Structures are given as structure tokens and as C-alpha cells.
Amino acid sequence: MTTIKPIAAALCAGLVLAGTTAQAGEITVVSWGGAYTKSQVEAYQKPWMAKTGHKIKSVDAPNPAAPIKAQVKAGNVSIDVADVEYSDAVRYCDEGLLELIDPAVLPPAPDGTPATEDFIDGGLTDCAVANIVWSTVLAYDASKFKGAKPTSISDLFDVKKFPGKRGLRKGAKPNLEMALMADGVPAAEVYKMLGTPAGVKRAFAKLDSIKDHVVWWEAGAQPPQLLADGEVIMTTAYNGRIFNAAIGEDKPFEIVWDGQILDFDLFVIPRGAPNKDLALDFIKFATGTKPLADQAKYIAYGPARKSSGELVGLYQDGKTRMGPHMPTAEANMKNALVNNFEFWADRDSELNERFNAWIATN
Amino acid sequence: MDGTSDAPDGLLTTGDGTPLKTALARATRRAKLKAVVLVLPLLLFVLVTFAVPIGQMLYLSVYSPVFADNMPRLSAYLMANPVTEVPGEAAFEALVLDLKDARKNRTHAQVGTRVNYEKAGSTSLFKSTARRLRKIDGPPYKEKLLALKPAWDDLHLWTVMERAAHRHTLSFYASALDLGYDAKGDLVRAPEERRIYGLLFQRTLLLSALIAGLCLLLGYPVAHLLANLPLKYSNLLMVLVLLPFWTSLLVRTTSWITLLQSQGVLNDLMVWIGIVGDDGRIQLMYNQAGTVIAMTHIMLPFMILPLYSVMKTVPKDFVRAARSLGAGPVTAFVRVYFPQTVPGIGAGVLLVFIISVGYYITPALVGGSSGQLISNQIAFHMLQSLNWGLAAALGALLLGGVLLLYWLYDRLVGVDNMKLG
């Protein structure tokens with residue numbers, strides 16, 4: 001139950017956030033909660049606070065992008081830094097809700113490579129600086145399977161072979177992509193297919209086949225909880241959450257890398273943030289080579305800087321090598337899809353409306 | 001003349017000689033002023049924190065100036081020239097110049113998003129066009145723009161822009177009623193796979209009525225006990241009613257999750273007793289059943305308290321008198337006791353119903369897909385899709401529906417018949 005309470009609390013984060021005001025020397029950082037926020041607190045926030053003497057107020061939200069528009073439009077911004085998904089970073093930037101961040105101010109890699117070349121392609125946009133590469137994967141509880149175990153994304157949709165409830169994220173993204181991949185569409189053609197009405201129909205038809213077997217989750221901390229409670233036998237989840245439950249808490253969870261969908265998480269500063277300069281200073285520090293590499297010590301997300309890759313070593317338990325658990329590890333990338341933010345910036349409202357209609361009608 | 005005064009001109013005056021009428025008027029005015037001053041803080045508070053923000057929010061459902069503000073030339077053109085086909089050079093010139101300005105102000109994507117509400121794909125069209133506009137430095141604008149982006153040669157897009165150019169619009173209400181505009185600009189029903197709000201409004205009203213009914217069924221006997229038990233027992237019972245009422249809503253909802261989930265307490269109990277097998281556990285949560293169970297529990301105090309306060313005032317002698325005059329227990333209840341509790345029932349049912357209609361967190365947590373209410377969609381458009389116009393339109397419809405039901409209730413039962421305590 002301990003994980004569900006913060007989720008619920010986060011549901012009204014919009015309200016809570018509106019009531020908080022930052023003092024001088026304190027910035028408010030909003031992130032996704034759970035093991036993920038913990039890794040950021042350990043790798044970014046504590047070292048920054050120790051270095052500068054400033055304080056950080058860490059707030060959890062199921063989607064940290066959500067409160068930004070309300071705050072900016074109301075002219076009452078309390079968030080200084082938010083950790084958001086790629087499509088939201090691009091959309092909010094386009095809508096003028098974020099401060100511009102000049103990549104030239106970011107520190108270079110230890111060997112002198114400028115930040116613009118050190119970040120993975122796409123990791124820097126007009127308003128956002130990437131910190132990690134994460135992915136949505138299929139995960140299952142190995143102790144619940146006596147014989148065959150799920151090996152591909154199609155198994156998520158195969159209720160004959162693997163009867164039982166499945167957990168899916170409540171939203172069009174990334175279920176539509178996964179449905180198409182499970183239906184045999186190669187990763188490279190998924191977005192082309194989804195751009196056509198027939199492709200959308202095909203994705204929904206595939207989702208239809210498991211609709212009665214789905215438990216929908218919203219916050220990233222929910223899927224490991226659902227697996228642990230035995231509410232579902234398999235679920236889509238953020239890979240880092242599953243890693244932490246499996247390695248950190250010794251749960252018998254396994255990840256199916258087939259059909260994983262990669263995405264960036266990026267730091268943004270809402271337009272009119274109360275402590276803009278401190279916020280930028282925090283982002284400059286946190287997305288430096290070492291803090292990014294350090295974060296991998298606490299959760300299995302890949303650092304967004306190339307120069308951090310070499311520094312990634314062991315998990316905090318001191319024995320697990322993090323490399324093979326990264327979504328970007330070569331063995332895990334065989335059938336992987338990179339989230340197309342342009343597609344979602346464009347079709348987000350249309351497809352989500354349709355998804356909501358689909359989910360509401362039984 | 002009653003002799004209060006004997007002024008020579010025949011007017012009544014007070015002791016100091018002012019006419020009584022004036023003095024009275026002054027006294028009443030002062031009393032009224034005092035009353036106003038006392039009420040003023042609350043009035044201002046309600047106005048500033050409640051009426052004004054709600055009014056502003058509701059106004060968003062018909063007011064959408066983002067296109068007109070950021071595309072002034074094109075809006076002026078579209079207001080003056082109704083679109084019947086893809087327009088000519090003048091319109092394209094206005095479009096290109098406006099888009100160039102909008103890009104400078106970083107507002108072009110906002111404009112695109114507004115158009116995107118009614119025509120998917122417009123956000124990226126606006127963005128990608130704005131990025132490449134440097135290539136167009138002079139006329140003929142239409143030819144050059146269409147060469148760059150043929151997608152602008154689309155009547156549907158232009159009819160959408162024509163509607164968006166008006167600051168006041170009904171298109172959010174159209175969407176909220178599962179309607180939409182076709183390429184020619186005529187109002188039509190949304191495609192079947194996108195109709196959702198009608199269904200959700202219906203579900204919200206039905207489930208709220210069901211919850212109010214269940215609360216009444218469960219709350220009535222409890223309220224009766226509360227009102228009639230000896231004080232030392234009824235105090236304890238009252239604490240039992242109030243304790244959950246004082247407990248955080250989230251705590252109560254999450255406790256229901258522990259109880260109801262398929263590996264939860266209730267299911268474990270049923271498997272242990274043997275009512276269901278281990279593989280036949282009943283799905284009590286993440287569906288409508290979950291919403292109804294959890295919300296009935298959360299709403300119960302709102303039913304019990306008004307019922308209790310009314311039952312407390314019903315003299316016990318009446319039922320006794322009815323019994324001694326020969327009425328059986330059922331008749332005495334139906335004809336004597338029950339009618340006297342109707343004001344409490346009215347208040348309780350209305351209170352529970354209206355609160356349920358706008359409920360959001362509990363269905364979001366335990367409702368799964370089939371237990372979602374219209375409030376969850378409003379929250380979705382406020383927080384996720386950021387389409388505040390549509391959220392406001394949905395909210396306004398909900399508010400209008402509740403007021404309508406309240407009016408109906410007033411006509412049928414009478415609001416002055418209602419007692420809240």
C-alpha cells in the first residue's frame with residue numbers, strides 16, 4: 001500500500017503545487033516519484049545541495065508536465081525544474097510555456113567535448129536538457145509461470161497462451177505502438193502505420209483482444225506493485241522500476257526487452273519560474289557527466305551523455321553490473337522502437353480522445 | 001393619531017424633533033449597513049475565490065482568442081470573407097505574414113494547437129511551415145506556400161481556421177456533446193469511435209443516483225438508531241460515523257483498494273470460506289463495482305447526518321400514539337414516522353447526489369475503465385490534453401445539468417421542505 005498513497009497524493013499535485021512557494025535559496029523540483037525520484041535525489045540533488053548550500057524541495061507527480069500549463073497561464077509558477085517526457089518538452093516549448101535553455105551554457109565533457117556533441121542525438125532541444133534514456137518494457141513475475149515464459153511483445157496480447165490480467169499504462173502512448181509491434185509490424189514502420197486510419201484501427205483492434213484482461217495503471221510506481229500484489233501476471237512498466245524491484249528488492253521480476261519503446265526524460269524550466277537562475281544552475285550541474293553516470297548507480301536508466309557511459313559501473317549493491325540492464329545495451333536493442341515525439345505532439349489529443357472513448361465503452 | 005407626538009403640523013416626531021419616518025428610515029438603514037458590513041468579508045471571499053474564478057473558467061468554454069490574437073491579418077480576412085473554397089492570394093499573404101510574426105513571438109504552435117483541436121495534424125503543419133517560411137520573401141504567396149506545403153490546399157483546414165478566427169465559439173460545446181464539424185463546416189455527430197461524453201454524462205448521473213439510493217438504504221436505519229438509542233450508546237455510534245468522515249479521503253479510498261483487490265482481504269476471505277475458488281476470485285475493483293462501493297462508503301456520512309438531525313426532532317410520542325390507536329408497526333412507520341423524515345431524506349439524497357456527480361479521485365483510483373466518470377475526463381483535459389476550452393464546456397454542461405435537476409427537485413419536492421440540520 002505504501003506505493004499507492006504517494007500516487008494518490010500525486011493525483012492532486014496540481015492543487016498542492018499551487019500552494020507551495022519557494023524561498024530564496026530553495027528550488028522546487030518536480031519528478032515522477034518512487035525509485036526514480038530517489039535516484040535523482042541521490043545523484044543530482046544531494047551533491048548539488050552540498051556543493052552550493054541551496055535547498056531543493058522535491059515534489060512527486062504522476063506526470064510532472066501536467067501542473068506547468070496551469071501555473072504558467074495563471075501567472076503563479078511555483079515549479080523551478082520539472083522532469084518531463086520528450087513529447088511534452090517539445091509541445092510545451094512550442095506553446096511558449098517553458099524558458100529557453102541555451103545549450104552553450106552546459107558544461108563540456110571531461111575530455112573537452114562540447115555539450116552539444118556530448119549528448120545523444122535529440123537530447124538537447126530549445127527548452128530542455130535530457131538526463132536519461134528510459135524505456136517502456138514488458139515485465140512479468142517469473143514465479144507465476146510454471147512452463148513457458150513470455151519472450152516477446154506478442155505474448156502480452158496472447159491471453160490463450162498466458163491467461164491472466166495484464167497491466168497497461170492508461171493512455172494512447174505507448175499502447176498503440178506496442179499493439180502494432182505485437183501484431184507483427186516492424187519497429188521501423190510503426191509510426192508510418194499509425195499515421196494512417198487503417199493503422200490506428202489495427203492497433204485498437206489488437207488492444208480490443210485483451211481489453212477485458214487489462215488493469216490500467218497511471219503512475220510509474222504502480223506496475224511493480226501490481227506485479228508484487230499478484231493483481232497482474234505481466235505488465236508494461238518503466239524498465240528502471242522493474243530493475244529496482246528485481247535487483248534492489250529481490251522480486252522475481254523479469255524484463256522482456258523485445259518491443260521496448262525508448263524515450264528521453266528531460267529537465268525543463270517553466271516560463272516565469274521563481275528561481276530561474278538557480279534552476280538553470282541545478283540543471284547544468286545535474287546533467288553533467290558525473291551526476292548522470294552516478295544516477296545509473298540507483299536505477300537502470302541510461303545517461304543522456306555519451307561521456308557518462310564509460311563511468312557507469314556497479315549498482316549501489318556493489319556487485320550488479322549496470323551495463324546489461326540499460327535499455328540501450330546492444331542485446332536489448334534488437335527490436336526496439338524510439339518514441340517519435342513529432343508524431344505525438346501532433347496526434348496526442350486526437351488519439352488520446354479516441355483512446356478515452358475506447359476505454360470508457362465496454 | 002395615537003398620541004406619540006403632538007407636533008403642530010400633525011407629523012409624528014421623535015423626542016429631538018426629527019420626523020419619526022426619517023428617524024425610522026435612518027435606524028433601519030443603519031441596521032442594514034451593519035448587516036452588510038458583517039456579511040461583506042464572506043461575500044468578498046466567496047466572490048474572489050469562488051464566483052470569479054469559476055466564471056472565468058466557464059467563460060473559456062466559449063472564448064478562445066488565441067487564433068484571433070496571434071493571426072490578426074488572417075482573422076480579419078476570414079471574418080470578412082466566408083470560406084466556401086480554398087481562398088486566394090490575399091488570404092495566403094495574410095497567413096504567411098501572420099505566421100512569420102507568430103514565429104517571432106513563439107506563438108505559432110499555440111495557434112496550431114487551437115486548430116489541431118478540430119483537425120488533427122495541424123500542430124505540426126503550423127510548426128513545420130513556420131520553420132521554413134524564410135524561403136517565402138514576397139508574392140505570389142499562395143503559389144509559393146503550396147509548393148512548400150501542399151497540405152494548406154485543404155478546404156477542411158480553412159473552415160476550421162474560419163471558426164477559430166472568431167473569438168467566441170461554440171465548437172467546444174459541440175465537442176462536449178459528441179458533435180463536430182465536417183469539411184464543409186456543417187454540424188454532424190462525431191464518428192462512433194470518438195463519442196464518449198454522452199455516455200459518460202449518462203453514466204455519471206446513473207451511478208450518482210445509485211450511490212445516493214444505496215446511501216439512503218444503508219444510512220436510514222443507522223440514523224434512526226442514532227436518534228433513538230440511549231445517549232451513551234448513540235454517542236459511541238456517532239463517533240463511528242464521524243471517524244471515517246474525518247479521515248482523509250485518500251486514506252479511505254486506498255483502504256478500499258486493500259480490501260477489494262483480487263488478492264485482497266475480501267477475496268481472500270471468500271476463498272477461505274469457500275464461496276469462490278482460488279482461480280475464480282471476483283473482480284471488485286478497477287470497474288464500476290469498485291467506484292460504487294468505495295463512493296457509497298465515502299458518501300454515507302453526508303446521508304446520515306441530515307437524516308439524524310431530522311429524526312432527532314421527530315417526537316417519539318407520535319409513533320406510540322399511532323400504535324395505541326391500532327396501527328401495526330408497518331403502518332405506524334409508513335404513515336406516521338416516515339413522512340416526518342422526508343425533509344432529511346431530501347437533503348441527504350440531494351447532497352450525496354450532487355457531491356457524487358463531481359467526484360474525481362475515488363473513481364480515478366478504483367474505477368478502472370468502466371468506473372470512470374465525466375469528472376475524470378474534465379481532469380484529463382485540464383491536466384493532460386490541456387484543452388481547457390473543452391474542459392470548461394464539459395464543466396458547464398455538468399453544472400447546468402445539476403442546476404436543472406435541482407430545479408426539478410424544487411418543483412417536485414420543494415427546496416424549502418429540505419432540512420440540512
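## A walk through chains A and B

Start at the interface: 34 residues of chain A are in contact with 41 residues of chain B, where contact puts two C-beta atoms, placed from the backbone, within 7 Å of each other. Before you click further, note that this is a predicted model, in which local features need pLDDT of at least 70, side-chain atom pairs count only at pLDDT 80 or more, and totals for chains, interfaces and linings use all residues. Residues are numbered from 1 along each chain as its sequence is written, while chains are lettered from A and ligands numbered from 1 in the order in which they are written.

**Stop 1: chain A's side of the interface**

Select helix H1 (4–11), helix H4 (66–74), strand S6 (214–217) and helix H15 (341–360) of chain A; these are the elements that give two or more residues to the side that touches chain B. Helices (H or I, at least four residues) and strands (E, at least two) are DSSP runs, numbered from the N terminus. Which element gives the largest share of this side? That would be H15(A), with 14 residues. Colour the chain A side by residue class and you get 14 nonpolar, eight polar and 12 charged. Here Ala, Val, Leu, Ile, Met, Phe, Trp, Tyr, Cys and Pro count as nonpolar, Asp, Glu, Lys and Arg as charged, and the others, Gly among them, as polar.

**Stop 2: chain A as a whole**

Of the 362 residues in chain A, 58% are buried. Buried means that 20 or more other C-beta atoms lie within 10 Å of a residue's own, exposed means 12 or fewer, and partly exposed is in between, with C-beta atoms placed from the backbone. Take the chain A contacts between residues at least 6 apart in sequence: 74% of them join residues at least 24 apart.

**Stop 3: three loops in chain A**

Pick A:Gly323, in the loop between helix H14 (306–309) and strand S10 (337–338). This glycine has 17 C-beta neighbours inside 10 Å, so A:Gly323 counts as partly exposed. Leaving out residues up to four places away in sequence, A:Gly323 touches A:Val312 and A:Ala329.

Most residues other than glycine have a negative phi, and most peptide bonds are trans. Select A:Lys173 and A:Pro174, though, and you find a cis peptide bond with omega about 0 degrees. A:Pro174 sits in the loop between strand S5 (166–169) and helix H7 (175–182) of chain A. Then go to A:Asp250, a non-glycine with a positive phi of about 60 degrees, in the loop between helix H11 (239–248) and strand S8 (253–268) of chain A. Is A:Asp250 buried or exposed? Exposed, with 8 other C-beta atoms within 10 Å.

**Stop 4: over to chain B**

Colour chain B by domain: domain 1 is 1–50, domain 2 is 66–194 and domain 3 is 197–417, with bounds from an automatic or database domain assignment. The C-alpha centres of domains 1 and 3 of chain B lie 47 Å apart.

Zoom in on helix H3 (residues 72–80) of chain B, where B:Leu74, B:Ser75, B:Tyr77 and B:Leu78 are buried. Look down the axis of H3(B): the buried residues fall within an arc of 160 degrees, so they line one face of the helix. (The arc is that of the directions from the helix axis to the C-beta atoms.) Their cover includes helix H2 (66–70), helix H4 (89–104) and helix H8 (155–165) of chain B.

To see the contact, show B:Glu89, B:Phe92, B:Glu93 and B:Val96 of H4(B) against B:Tyr141, B:Lys142 and B:Leu145 of H7(B).

Another cis peptide bond joins B:Pro139 and B:Pro140, and B:Pro140 is in the loop between helix H6 (122–131) and H7 of chain B. Finish at B:Tyr286, a non-glycine with a positive phi near 60 degrees. B:Tyr286 is buried, with 25 other C-beta atoms within 10 Å.
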